[in-house]
Amino acid sequence: MRPGGRIGVSDVVAEDHLTPAERAERGSYVSCIAGALTFTEYRNGLAAAGFTDIEVTPTHEVGDGMHSAIVRATKPADAAAPQNLPIADQNDGACCGVNACCTADENSADPTTTVTDAKVTAGCGCQN
């Protein structure tokens, strides 16, 4: 993500007091919540990835101790450019090592790498 970029997702988040076993148990109610991160795990993971202004806002309860939530965060404007991308990507505006990412015209910024390999290497969220 480029410096100054923002992320926003809607996800299921577990209350901090729930153990992994308790979260898995709730998965029998709604299977998608079995692997839910806790509020603290979400915040810590985003902070470890370099995000700031992290907000995890519950919207409603979906199970005992489990909540639907809106997650927002910002990559600081002064954050260093990703170091795992080819130099062309950092200077030419390529997304995740791919020019015109997620369009019919996408191509790898590095002619020796496939689009899929470039996305995997960069950790692109829209990997094919």
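Me: Which class does the relative accessibility of E41 give: buried, partly exposed or exposed?

Reply: The classes rest on relative accessible area, computed with a 1.4 Å probe on protein chains only: buried is under 20%, exposed is over 50%, and partly exposed lies in between. E41 has a relative accessibility of 34%, so E41 counts as partly exposed. This is a predicted model, in which local features need pLDDT of at least 70 and side-chain atom pairs count only at pLDDT 80 or more, while totals for chains, interfaces and linings use all residues. Residues are numbered from 1 along each chain as its sequence is written, and side-chain values use heavy atoms, leaving out hydrogens and water.

Me: With which residue does E41 form a salt bridge?

Reply: A salt bridge requires a side-chain nitrogen of Lys or Arg within 4 Å of a carboxyl oxygen of Asp or Glu. The partner of E41 is R23, with 2.9 Å between the closest N and O atoms. The two residues, 18 apart, link distant parts of the chain: E41 belongs to helix 2 (residues 39-48) and R23 to helix 1 (residues 20-26). Helices here are DSSP runs of H or I with at least four residues, and strands are runs of E with at least two, numbered from the N terminus. R23 is buried, as its relative accessible area is 7%.

Me: How many salt bridges does this rule give?

Reply: The count is two. R72 and E55 also meet through their side chains, at 3.7 Å from N to O. That pair joins strand 4 to strand 3 (residues 52-63) across 17 residues. R72, at 41%, is partly exposed, and E55, at 40%, is partly exposed.

Me: Which residues make up the largest nonpolar core?

Reply: In soluble globular proteins, nonpolar side chains tend to be buried together. A nonpolar core is a set of buried Ala, Val, Leu, Ile, Met, Phe, Trp, Tyr and Cys residues joined through side-chain atoms within 4.5 Å. The largest one here has nine residues: V13, F39, Y42, L46, F51, V56, A69, V71 and A73. A second, separate core has five residues, among them V12, L18, A36 and M66.

Me: What is S68 in contact with, leaving aside its neighbours within four places in sequence?

Reply: Contact means heavy atoms within 4.5 Å. With those neighbours left aside, S68 contacts S10, D11, V12, T57, P58, T59, H60 and V62. S68 lies in strand 4 (residues 66-74) and is buried, because its relative accessibility is 13%.
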